[in-house]
Amino acid sequence: MTLIGLALWRELAFSPESRQMGRTLEAEFWHEASTFYNPNLKNMPGAYFRGYGMDMRKYFSIMGIWIALAVDTEKDAPMPPQSGPKYDEMSNLATIFNLGLSIPKADLVSLTGETKARFISRAVPNSYRGDTPKSGNCPDSA
Amino acid sequence: MGGLWGNRRVWEQIKTGMIHWKMGNDDIGWLLIPGNGKTNVKVSQTTTSLYLADPKTTRFDIYVYAQNAGLDAFDESVWALPGMKLTVNTTQKRVSVESIDPAIFEKEQAVSEHYSAITKVVFELPTSWDDTKPLIDIIPKR
């Protein structure tokens, strides 16, 4: 869903500068997603935030739909072969097709390539300067 | 393997730890640590380790999907699952190993896809536990 928001930003923001910001953020998002994605398992290793399942090949996740469109082959698509749970997420297709994909070539390649053993660590700050967390999301938020 | 340390929101849509593997029959096996706030998860290149996050915790749960693995596959120190052997190092008391109703699991853990069987392993902690020491180490080996 974040990718759809970023694609809307990339295409529909008022100024060229703002559209470029959307493109930059979208490219960074794809880089992060493709870095963590395991094409051998056709799954993300987690941890998951707002994960609606454990196996992206067995239910329609929005991320799986984006990756399926990016790789454009059935065998590499991390989604059920036909219908399956959360099929209603396919309603995002119209928006995605209208906005189009904007994914860095190197990241696109890594969504289908051989997976080598990797160890990745990310430190995520509790808050960002200027950001306001939604009330109730964090124990210490206002 | 993937893990999250410092989850700030208790929510079934957050999965703080997991292991995925190929089971050899074109199916994916997995181990799930729920985002219930009880534990922190640390992953090294060889091991998934759980640590105490909430000092009020008296029990913690681990969920496993491994098709056709009977309960006898879950030995005290080795879980011999299809396609993966998990060595389990812990001094915690194992309270139960049970096959649970997949429908209840799917609802409680916000998992959309359907499974034929899910195994739940429950451990009990002593009244006080040093949160710098791992509650349990899980070491996968194919």
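Buried is used here for a residue under 20% relative accessible area and exposed for one over 50%, with partly exposed in between, as computed with a 1.4 Å probe on protein chains only. This is a predicted model, in which local features need pLDDT of at least 70 and side-chain atom pairs count only at pLDDT 80 or more, whereas totals for chains, interfaces and linings use all residues. Residues are numbered from 1 along each chain as its sequence is written, chains are lettered from A in the order in which they are written, and side-chain values use heavy atoms, with hydrogens and water left out.

The contact between the chains, meaning heavy atoms within 4.5 Å, takes 26 residues from chain A and 31 residues from chain B. Together the two chains bury about 2,400 Å², of which 56% is on carbon and sulfur atoms; buried area is the accessible area (1.4 Å probe) that two parts lose on being put together, summed over both. Of the area that chain B buries against chain A, 28% is supplied by B:Arg8, B:His20 and B:Glu113, more than by any other three residues.

Strands are DSSP runs of E with at least two residues, and helices are runs of H or I with at least four, both numbered from the N terminus. Strand 1 of chain A and strand 2 of chain B run antiparallel and are joined by 2 bridges, where pairing requires that DSSP find at least two bridges between two strands. Within this pairing, A:Phe49 stands opposite B:Ile14.

A salt bridge is counted when a side-chain nitrogen of Lys or Arg lies within 4 Å of a carboxyl oxygen of Asp or Glu. The whole structure holds 12 salt bridges over all chains, and 3 salt bridges are counted between chain B and chain A. In one salt bridge, the closest N and O atoms of A:Lys58 and B:Asp27 are 2.8 Å apart. A:Lys58 lies in the loop between strand 1 (48-49) and helix 3 (62-71) of chain A, and B:Asp27 in the loop between strand 2 (14-22) and strand 3 (28-34) of chain B, so the pair joins two chains. B:Asp27 is buried at 8% relative accessible area, and a network of salt bridges links A:Asp55, A:Arg57, A:Lys58, B:Asp26 and B:Asp27.

Two further pairs lie within chain A. A:Lys75 and A:Asp76 form a salt bridge at 3.2 Å, in which A:Lys75 is exposed at 64% while A:Asp76 is buried at 15%. A:Arg10 and A:Glu11 meet at 3.0 Å, with A:Arg10 buried at 4% and A:Glu11 partly exposed at 40%.
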